[in-house]
Amino acid sequence: MGSGIIRGFALYSKLWEWDENMLPRLALAEEAEVSPDARTWTLRLHKDLEFHNGKTIDADDLVFSIRRLTDPQLASPYAALLHWIDRDNLEKLDERTLRVRFKDGAGFVPLPETWVNFGGIVPVDYHPVTNPVGAGPYKLKSFTPANARCSPASRTITRPANPMPMSWRSSTSRTRPHAWPPCNPGRSTSPTAWPTSTCGWSRPTRNCRY
């Protein structure tokens, strides 16, 4: 999962990001206010934010991103970060503002600390294969199952088409050789069939969902 984390940071932005002191600071969010009873957070986006494809980032994208990450069908390894959010009771206040409520019994949820690492904001028409759009520092330039590229303004990182075989160690401590399989984003598999993530330019991960 390690290389998938790096790809996630490269392609996607979040409401909070780490600062130079490893403390969460506002990023896509302009304001984040917790209610006096700690049962809700009100999140307001900066004005005129855009995804890589030019679409304005709005509250509908926040709703979609939360519901996608917590969708049991997706089975994202990062769903636990937003486990206490009541995904069926999200309230859009205006085009830039969303009120997030928590499930009964949640208590205070330190949302900046739980949501700062993973779970980037994506557009409502996002798809990890056909439309892998984010708002991070890197933009996906091209993708094929054997060769994916991600580019900032002037640099491209390319995964080799025929990498060296790798091994994984089973619970019985026997090492089994395993060649890098074709990329198959959006699917969680066992270690014998690792997929790569949407922008797979390095070692494959066990799960390619963000």
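Modeller: Gladly. Keep in mind that this is a predicted model. Start with T97, which is found in strand β6.

Colleague: Is T97 buried or exposed?

Modeller: Buried means under 20% relative accessible area. T97 has 6% relative accessibility, so T97 counts as buried.

Colleague: Which residues is T97 in contact with, sequence neighbours within four places aside?

Modeller: T42, L43, R44, A59, E91 and K92. With R44 there is a polar contact, side chain to side chain, at 2.5 Å.

Colleague: How does β5 run relative to β6, parallel or antiparallel?

Modeller: The two strands run antiparallel, and three bridges join them. They form a hairpin, with two residues between the strands. For a specific partner, take E91: its bridge partner in β6 is R99.

Colleague: Now a helix. What is the general idea there?

Modeller: An α-helix has 3.6 residues a turn, so residues three or four places apart point the same way. α2 is mostly covered, with eight of its 11 residues buried.

Colleague: Which residues of α2 are buried?

Modeller: A59, D61, L62, V63, S65, I66, R68 and L69. The cover over the buried residues of α2 includes β4, β5 and β6. Check the start of the helix too. There, a side-chain oxygen of D58 comes to within 3.1 Å of the backbone nitrogen of D60.

Colleague: How many residues are in the largest nonpolar core?

Modeller: This core has 30 residues, and L15, L111 and W115 have the most contacts inside it. Elements giving two or more residues to this core are β4 (40-45), α2 (59-69) and β6 (97-101). α2 gives the most, with four residues.

Colleague: What is L15 in contact with, again leaving aside neighbours within four places?

Modeller: The list is R25, L26, A27, L28, A29, L43, L45, L62, W115 and I121. Among these, L62 is also one of the buried residues of α2. There is a second, separate core of five residues, including L11, Y12, Y126 and L140.

Colleague: Next, aromatic rings. How are they read?

Modeller: A pair of aromatic rings is described by the distance of the centres and the angle of the planes. Here the count comes to six aromatic pairs. Take F9 and F118. Their ring centres are 6.4 Å apart and their planes stand at 45 degrees, so the pair is tilted.

Colleague: Where in the chain do F9 and F118 sit?

Modeller: F9 is in helix α1 (residues 2-11), and F118 is in the loop between α3 (111-114) and β7 (139-144). The pair links distant parts of the chain, 109 residues apart. Burial needs a check for each ring. F9 has 30% relative accessibility, so F9 counts as partly exposed. F118 has 18%, so F118 counts as buried.

Colleague: What about the pair W16 and W115?

Modeller: That pair is tilted, at 6.4 Å centre to centre with 50 degrees between the planes. W16 lies in strand β1 (residues 16-18), W115 in the loop between α3 and β7, 99 residues apart. W16 is buried, at a relative accessible area of 3%. W115 is buried, at 1%.

Colleague: Which aromatic cluster holds W16 and W115?

Modeller: One formed by W16, W41, F108 and W115. W115 brings us back to the largest nonpolar core, where it is one of the residues with the most contacts.

Definitions and conventions
Residues numbered from 1 in each chain as written. Predicted model: local features only at pLDDT ≥ 70, side-chain atom pairs only at ≥ 80, totals over all residues. Heavy atoms only, no water. Core = buried A, V, L, I, M, F, W, Y, C linked by side-chain atoms within 4.5 Å. Buried < 20%, exposed > 50% of the residue type's maximum accessible area, 1.4 Å probe, protein only. Contact = heavy atoms within 4.5 Å. Polar contact = N/O pair within 3.5 Å; in protein donor to acceptor, adjacent residues only side chain to side chain. Pairing = 2+ DSSP bridges. Phe/Tyr/Trp six-rings, centres within 6.5 Å; stacked < 30°, edge-to-face > 60°.
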